[in-house]
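Dear colleague,

I am passing on the structure below, together with some notes on what was found in it. Please look it over before you read on.

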Amino acid sequence: YRGKYLGNTYTLAQQQAVANGTFEDMYIGDYWTIGGVNYRIAAFNYYRNTGDANLPPNHITLVSDTQLYTHVMNGTNITTGGYTGSKMYLTGLDQAKTTINAAFPSKVLTHRQFLCNATVDGKASGWAWFDSSVELMNEVMVYGCSVFGDSNLGGSGGGYNIGVGKSQLPLFALNPKMINTRQSLWLRDVVSAARFAGVHSNGDADYNNASYALGVRPAFSIS
């Protein structure tokens with residue numbers, strides 16, 4: 001973890017260092033400040049060799065230091081359809097996508113992710129491949145394990161909530177305070193028939209009713 005300011009724009013030299021996989025003068029925790037938002041390097045090549053098609057090229061995965069805004073997961077306290085059936089997924093991330101694409105024009109990576117698309121008895125019960133660019137993180141990406149996320153696969157719980165986001169982002173492993181922003185944030189894991197997982201403002205792993213307006217702090221990758 002270094003935490004160096006990299007500028008207010010993603011330069012051509014930086015783009016080349018990512019494209020060729022050298023990542024020269026870039027470290028976990030380094031960040032750009034664009035439009036008043038700190039976008040911090042969370043991982044290098046986190047999604048390489050994943051997906052059912054179109055394996056992603058060299059890339060860096062970024063997370064903002066704090067929430068971009070607040071939004072509900074659903075209009076009522078339901079988790080029907082899992083993450084991809086939620087209001088958050090269908091329209092709630094639009095503002096984040098607009099902001100992020102303006103900050104990194106034509107460089108935000110679209111790749112394939114395995115995302116939860118069904119629930120049974122309040123547990124994640126299905127998944128499918130989706131084109132993905134800007135998504136809420138799951139519990140494993142933040143905490144390094146499943147906490148409240150539940151699925152009908154049994155075991156430790158996470159199952160269909162995890163997909164290819166199956167390891168903790170190095171940003172959070174190397175500097176755990178980056179998890180704790182003093183804001184309550186949504187994660188995408190289904191917890192029950194009424195609740196999704198999250199991060200509480202006081203720093204604990206959490207879950208909340210889907211109709212609560214909590215922070216949107218997505219992860220995305222640039223090439």
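In what order do the five strands of the open sheet follow one another? The model, which is a predicted one, has them in the order β1-β2-β3-β12-β7, and the pairing is antiparallel. The edges are taken by β1 (31–34) and β7 (134–135), each of which has a single partner strand, so one side of each is left without a neighbour in the sheet.

Strand β3 (residues 60–64) is antiparallel to strand β2 (residues 37–44), to which five bridges join it. Within this pairing, Arg40 has Val63 as its bridge partner, while Phe44 is partnered by Ile60. Strand β3 also pairs with strand β12 (residues 219–222), again in the antiparallel sense and over four bridges, and here Ile60 stands opposite Ile222.

In a regular strand the side chains alternate between the two faces of the sheet. For β3 both faces are covered, with Ile60, Leu62 and Ser64 buried on one side and Thr61 and Val63 buried on the other, and five of the five residues in this strand are buried.

Gln14 counts as buried because its relative accessibility is 13%, where the cut-off for buried is under 20%. A polar atom of the Gln14 side chain lies 3.1 Å from the backbone oxygen of Leu6, and, leaving aside residues up to four places away in sequence, Gln14 touches Leu6, Thr9, Met26 and Trp32.

With best wishes

Notes
Residues are numbered from 1 along each chain as its sequence is written. This is a predicted model: local features need pLDDT of at least 70, side-chain atom pairs count only at pLDDT 80 or more; totals for chains, interfaces and linings use all residues. Side-chain values use heavy atoms; hydrogens and water are left out. Buried means under 20% relative accessible area, exposed over 50%, partly exposed in between (1.4 Å probe, protein chains only). A polar contact is a pair of N or O atoms within 3.5 Å; within protein, one must be able to donate a hydrogen and the other to accept it, and residues adjacent in sequence count only if both atoms are side-chain atoms. Contact means heavy atoms within 4.5 Å. Two strands pair if DSSP finds at least two bridges between them. Helices (H or I, at least four residues) and strands (E, at least two) are DSSP runs, numbered from the N terminus.
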